[in-house]
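Open the structure in your viewer and keep the selection tool ready. We will go from stop to stop.

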Amino acid sequence: MDVYEAIKNRKSIRKYKSTPIPEEKLKKILGAMRLAPSAKNLQPWKFVIVRDEEIKRKLIPACNNQKFIAEAPIIIAGCAFEDECYTYMGGYTSSYPVDLGIAFDHLMLAATSEGLGTCWIGSFKEEKVKEVLGIPKNVRVVGLTPVGFPDESPEAKPRKNLSEIVCYDKYE
Ligand SMILES: Cc1cc2nc3c(=O)[nH]c(=O)nc-3n(C[C@H](O)[C@H](O)[C@H](O)COP(=O)(O)O)c2cc1C
């Protein structure tokens, strides 16, 4: 599957089969995530791959009762080292949410290409996720995603037209 096809085919999946993910596929998608760019190539991240059924279940309340996440054989939590990222992006902000977002997007597109589904989980309580996964105080949780074989084929969600989101030469 080429990159355009993966981009087109990726959709947030909220229903999963319990079929395990072959190790080979998991390695491939984690490899794609590893190759993501980050500000100054600092790679201020760590990813917790959760396979344990009980830990997955405990993540449900931490993710505001989004039960479908635990249907998937794996949940990945994207963690960031706030003190090790580039802190002056645009002269005003830290790079870690962007760094992690790119890494997760690599993961998600690679997963699509492998016939796997994902769904960004941004609705979660950081303190609760940290407690369940034993994540240290100085590490941030940026997002999570279940990964598994889809058990639904949702329609593509609408997007704004290019003419609405692009302008040329000057902002207008
Ligand atoms: C930062 C971010 C946070 C999100 N958080 C959630 C979430 O907590 N739960 C959920 O079901 N979907 C979540 N989504 C998925 C969006 O709802 C979804 O990407 C959007 O509706 C477009 O649909 P699509 O991914 O199928 O193209 C999140 C997406 C992003 C990018």
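A disulfide is a pair of cysteine sulfur atoms within 2.5 Å. By that rule, the count here is 0 disulfides. Select cysteine 119, which is in no disulfide: the nearest cysteine sulfur belongs to cysteine 63 and is 11 Å away.

Some ground rules. This is a predicted model, where local features need pLDDT of at least 70 and side-chain atom pairs count only at pLDDT 80 or more, while totals for chains, interfaces and linings use all residues. Residues are numbered from 1 along each chain as its sequence is written, and side-chain values use heavy atoms, with hydrogens and water left out.

Stay on the cysteines. Buried means under 20% relative accessible area, exposed over 50%, and partly exposed in between (1.4 Å probe, protein chains only). Cysteine 119 has 3% relative accessibility, so it counts as buried. Now pick cysteine 167: its relative accessible area is 31%, so it is partly exposed.

**Aromatic rings**

Rings of Phe, Tyr and Trp (its six-membered ring) pair if their centres lie within 6.5 Å; planes under 30 degrees apart count as stacked, over 60 as edge-to-face and the rest as tilted. The count is 3 aromatic pairs. Select tryptophan 45 and phenylalanine 47, a tilted pair with 6.0 Å centre to centre and 50° between the planes. Both tryptophan 45 and phenylalanine 47 are buried.

Most residues other than glycine have a negative phi. Helices (H or I, at least four residues) and strands (E, at least two) are DSSP runs, numbered from the N terminus.

Go to lysine 40, in the loop between helix 2 (23-34) and strand 1 (45-50). Its phi is positive, near 55°. Lysine 40 is exposed, because its relative accessibility is 67%.

Next, asparagine 64. Look in the loop between helix 3 (53-62) and strand 2 (74-81). Asparagine 64 also has a positive phi, about 50°. Its relative accessible area is 32%, so asparagine 64 is partly exposed.

**Two helices**

Which residues of helix 2 meet helix 4? Select Ile29, Leu30, Ala32 and Met33. In helix 4, they meet Ala103, His106, Leu107, Ala110 and Ala111 (contact means heavy atoms within 4.5 Å). By class, this contact has 8 nonpolar, 1 polar and no charged residues. Here Ala, Val, Leu, Ile, Met, Phe, Trp, Tyr, Cys and Pro count as nonpolar, Asp, Glu, Lys and Arg as charged, and the others, Gly among them, as polar.
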